[in-house]
Each structure stands twice: as C-alpha cells, then as structure tokens.
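Subject: Structure for your review

Dear colleague,

Please find below the structure that I am handing over to you. My notes on what was found in it follow.

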Amino acid sequence: MQIIDGKKISQEIKDELKAKVEMMKANGDKIPCLAVIQVGNDPASSVYVGNKKKACEYIGIGSKSYELPEETSQDELLSLIDALNNDDEITGILVQLPVPKHIDEDTIIRRISPNKDVDGFHPMSVGALLIGEDGFLSCTPAGVIQLLKRSGVEIAGKECVVIGRSNIVGKPMSVLLLRENGTVTICHSRTKNLKEVCKRADILVVAIGKPKMITSEYVKEGACVIDVGIHRMENGKLCGDVDFEDVAEHCSFITPVPGGVGPMTIAMLMNNCLKNI
Ligand code: NAD
C-alpha cells in the first residue's frame, strides 16, 4: 500500500510553476495577477484566501485582495467584478465561496469573464470540459488527476467510481476521468447498492461530505482510493469521507486527510493562473 503524498506532489507542481514564472520574467513576458474577492469574514474562507495569496507570492505572480464587508450588495460585488474583468493587469478573478445568503452564487460565477475564470466554475469552462475543449479546469478534480498521474496510477480502461455529483467536485471529476479513458460510474445519494458499485472500482474517488463513511466494505482489494472529503472532528483533528484506518490496508494507493487532495487544489489554482497568459 502506498500513501499518496499530496503535500509533496503539490510542492513539486508549485516549484515547476515558480520556475516557469522565473522564465517568463527573464523573457520580459506579462506576469499574471490574481484578484481574490472575499465577502464577509468567515474564518475558514479567510484561511483559504490567505493561502491562495501566499501561493501567488511563492510562485512569483501578483495578487490583489478585495475584502468586502458582509453587507456588500450583489450589485456592488458585480460592479467590482466588471471593473476587474476590464482591468488588463488582472489575469484571473476568484470570488471565495460561499458568499453571504443575500448574494446569488450563480449570478456571480456567470459574471466573471470566462477568460479570467481561474476557478473553472463558469458555464463556459464547464462546457469546454464536457466537450473536450481546452479551458480552465475545476481545481480540486484537476488536482486528483495529477495525484493519480504523478503516482503512476493508470486511468485508461480502469473502472472508476466517483461518489458525489456536485458541480465543483463530483461532476467535473467524472468527466476528467472519462477524458483519461477511464470507465466511469457516478454515485450519489439516490444510488442503490452503493457498496456493490464501489466494490467494482479500481479507482474510487470519494466526495460525499460525510465523515469516515467509506469503510473497507466499499473497497475492492487493491483499489486506489482518493478521499476528497475534509471534516474537523470534535477532537480538533481533520478526517476525510473515508475511514482511513479501516480502508488503508486493503488499498494499492490511498490519499490521507490532511495532506492528500487538499493541498492540490491551490497548486492547480496556480496552474490555472498561468494559463492563457
Ligand atoms: P456536496 O455536499 O456538494 O456534494 C456531496 C455529494 O455526495 C452529493 O452529490 C450527494 O448526492 C452525494 N451524497 C451525499 N450523501 C450520500 C450518500 N449517503 N451516498 C451516496 N452519495 C451521497 O459536497 P462537495 O462540495 O462535492 O464536497 C464533498 C467533500 O469534499 C466535502 O467534504 C468537502 O468539504 C470536500 N471538498 C474538499 C475540497 C478540497 O480542496 N480538498 C474541495 C471541495 C470540497
């Protein structure tokens, strides 16, 4: 059994990107600049935003942050997005989700120019993914593909089962596995015989949002298990959607939580920031 080290792989990717930015600087190329917008001061969002800014600094690109008060109106937020869409210095725009309840998330996502949609959530980006065109990929699922490839896990021809069908993880994940020529099954809350379906998987990607739900009963001997879930337990420690202790010994590869999929999301965001520049 091999534990896939997401921290190490994400560091490799960031170092590759840093080298690329150094080359761009040496060539006198335009250097990307990411605009990060946060509305309100949800502590978890503040941590994510802080980490994204640090990653920009690490790879050597610019970042500008816009910390707006909780009571910011939707129109005010849309005006800021319009201004950033028209600002040539800004090459990527990210609105940290979730936004406060009085703001409609879909309206915000659609307003970001598809050319600056580094989160890959705009319908244009999602559509491009579905029909196999080049575009911004949703960061977490793109990170999972990198974890598999860089760990030497073959995807082509494999039975891939994704649990979860959210727009940010499950759906793009299944399309990316399909793009890599996996044979893909998507499971969700209405799936019957979940255990039996999961037991078919050579590669099982779990994005349910339920702490430690996936036990060894769901896993085929020798499968590769990727855990996207992240939860804080009562004792303060983090865990995933997979019961790691129970499942690990049955796997060929498994990602831990923390230190598996989590660090990959920001690495892939940085990768998106260097795209189309
Ligand atoms: P979500 O709640 O939007 O979607 C969960 C999905 O799981 C739904 O499609 C639902 O149909 C399915 N589901 C729920 N209960 C089920 C059940 N009993 N059986 C089968 N399917 C079931 O969640 P999400 O946004 O996709 O996130 C999933 C997990 O991944 C969460 O724990 C989240 O915190 C984590 N996450 C991590 C990262 C990261 O960077 N590592 C990024 C995004 C999400």
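Helices (H or I, at least four residues) and strands (E, at least two) are DSSP runs, and they are numbered from the N terminus. This is a predicted model, in which local features need pLDDT of at least 70, side-chain atom pairs count only at pLDDT 80 or more, and totals for chains, interfaces and linings use all residues. Residues are numbered from 1 along each chain as its sequence is written, and side-chain values use heavy atoms, with hydrogens and water left out.

I begin with the peptide bonds. Proline 258 is situated in the loop between β11 (251-254) and α10 (262-273). The bond that joins valine 257 to proline 258 is cis, with omega about 0°. A cis peptide bond also links leucine 97 and proline 98, again with omega about 0°. Proline 98 belongs to the loop between β4 (92-95) and α4 (105-111). These bonds deserve a note because most peptide bonds are trans, and most residues other than glycine have a negative phi.

The next topic is positive phi. Asparagine 181 has a phi near 70°, a positive value in a residue other than glycine. Asparagine 181 sits in the loop between α7 (170-179) and β6 (183-187). Lysine 212, also not a glycine, has a positive phi near 55°, and its loop runs between β7 (203-206) and β8 (223-227).

Are these residues buried or exposed? Buried means under 20% relative accessible area, exposed over 50%, and partly exposed in between (1.4 Å probe, protein chains only). Asparagine 181 is exposed because its relative accessible area is 53%. Lysine 212, at 33%, therefore counts as partly exposed.

Another loop residue is asparagine 235, between β9 (231-232) and β10 (238-239). Its relative accessibility is 55%, so asparagine 235 counts as exposed. A polar atom of the asparagine 235 side chain lies 2.9 Å from the backbone nitrogen of lysine 237. This is a polar contact (a pair of N or O atoms within 3.5 Å; within protein, one must be able to donate a hydrogen and the other to accept it, and residues adjacent in sequence count only if both atoms are side-chain atoms).

Which residues come nearest to the ligand? Among the 23 residues around the ligand (a heavy atom within 4 Å), they are Arg165, Ser166, His188, Lys210 and Thr265. A polar side-chain atom of serine 166 lies 2.5 Å from an oxygen atom of the ligand. For arginine 165, a backbone N or O atom is 2.8 Å from a ligand oxygen atom. A polar backbone atom of isoleucine 230 is 3.3 Å from an oxygen atom of the ligand. On its own the ligand has 860 Å² of accessible area (Shrake-Rupley method, 1.4 Å probe), of which the protein covers 72%.

Finally, there is a sheet. Three strands form an open sheet in the order β3-β2-β4, with parallel pairing; two strands pair if DSSP finds at least two bridges between them. Its edge strands, β3 (62-68) and β4, each pair on one side only. Strand β2 (residues 33-39) runs parallel to β3 and is joined to it by 7 bridges. Within this pairing, valine 39 has leucine 68 of β3 as its bridge partner.

Yours sincerely,
A colleague
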